[in-house]
Amino acid sequence: MKQKISMNDIAQDLNVSITTISFILNGKAKEMRISDKLTKKVLDYIEEKNYNPNALAQSLRTGKSKIIGLVVEDIADAFFASVARLIEERAYKKGYKIIYCSTEDNPKKTIELIRMFKSRSVDGYIITPPKGIESELKFMRNDSLPFVLFDRYFPDLDTDYVGIDNLEGSKMAIRHLVAQGFKNIAFVTLDSDQTQMQDRMNGYRLAIKEGGVKDYVLEIKFTSKPEKAVQLITNFLTKHKEIDSVLFATNYLALQGFAALNKLKLKIPEDIAVIGFDDHAFFEVFNPPITAVAQPMKNLSENLIDVLFTNMTNESSQATAATKIVLNPELIIRASSLKKM
């Protein structure tokens, strides 16, 4: 077992002050006017002695940590977890590791996490941004820190973005229900002004108007506990007994909706048809299987990594136009949305 060496050991062996060692390890050698010769001497020693972490010396030499920070709303959510796994797989093939974290849609926590990643010199960031971090993203852009947004974006901020056509996704779902003959189609969504949720709402309203049927909307706060959401959905459906079908704006809202339907003893699709936005492994094995607006997960992850790596390898000092990729969702029709004749 190798004996660990400390910064003090390095300073004594090289006859260099601990302060100087610290500046070099933190990448501030040029800023503090430490000579290239001394910097190289310290880094050579660190690499030779395998100072922990050895990757630090290598990153100072190459300017690359080989780490990407993935900042998402909730890494435990099925959608984000699936994308994260695919991103990790693709990044690994390029020699990179991923560090994950969840923001809980909290702007203060998101900014703290981004700054934590900055202090660890990650090479790039993939972020699902909550409202309130626009200024932080502007600072990152001005500092030429590579990042790409996904799932949602800020219309007034010109940044790289990869996502899906959420408006079209909702329209496809509602058009399908209208074509099946449903007349009272509800939309259970989040009380949110994020772009992806607003687009899903707008798609619902456009298709409802196009189909000439009545709209029913329930908005639930993101911070509501699952049991609270179940009760709100139960109350909503009890108040509007005429509702014959429902589109849930996220897969976890759909899962909470199933609990509400169970409480009300409503059968799918005999009593009420159901579609979930964002497919879920559970949807395919549920009885009956659940129709879903599916995001192209593999395509999403590939584009996220490709856009980020293009950004990370762009050494031009000239600002380039932001890349915006909007992918098409797919409506996977299963038994839950088919009208019983």
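Colleague: Which residues does F147 touch, not counting residues up to four places away in sequence?

Modeller: A contact means heavy atoms within 4.5 Å. In this predicted model, F147 touches Y125, I127, L137, M140, R141, T159, D160, L308 and N311, not counting residues up to four places away in sequence. F147 and N311 are 164 residues apart in sequence, but 7.5 Å apart in space, C-alpha to C-alpha. Residues are numbered from 1 along each chain as its sequence is written, and side-chain values use heavy atoms, with hydrogens and water left out. Because the model is predicted, local features need pLDDT of at least 70 and side-chain atom pairs count only at pLDDT 80 or more, while totals for chains, interfaces and linings use all residues.

Colleague: Is F147 buried or exposed?

Modeller: Buried means under 20% relative accessible area, exposed over 50%, and partly exposed in between, with a 1.4 Å probe and protein chains only. F147 counts as buried because its relative accessibility is 4%.

Colleague: Where is F147 found, and how is that element joined to strand 3?

Modeller: Strands of a sheet pair through backbone hydrogen bonds, either parallel or antiparallel. Here, strands (E, at least two residues) and helices (H or I, at least four residues) are DSSP runs numbered from the N terminus, and two strands pair if DSSP finds at least two bridges between them. F147 is found in strand 4. Strand 4 (residues 147-150) runs parallel to strand 3, with three bridges between them, and Y125 stands opposite F147. From strand 3 the chain passes through helix 7 (residues 134-142) to strand 4, in a right-handed β-α-β crossover. Right-handed here says that, with the strands pointing away from the viewer, the path from the first strand over the helix to the second runs clockwise.

Colleague: What else is joined to strand 3, and which of its residues are buried?

Modeller: Strand 1 (residues 67-72) runs parallel to strand 3 through four bridges, and Y125 is the bridge partner of G69. Both faces of strand 3 (residues 124-127) are covered: G124 and I126 are buried on one side, Y125 and I127 on the other.

Colleague: What is the order of strands in the open sheet of six?

Modeller: The order is 7-6-8-9-10-12, with mixed pairing. Strand 7 and strand 12 (330-332) stand at the edges with a single partner strand each, so one side of each has no neighbour in the sheet. Strand 10 (residues 291-294) and strand 12 run antiparallel, joined by three bridges, and A294 stands opposite E330.
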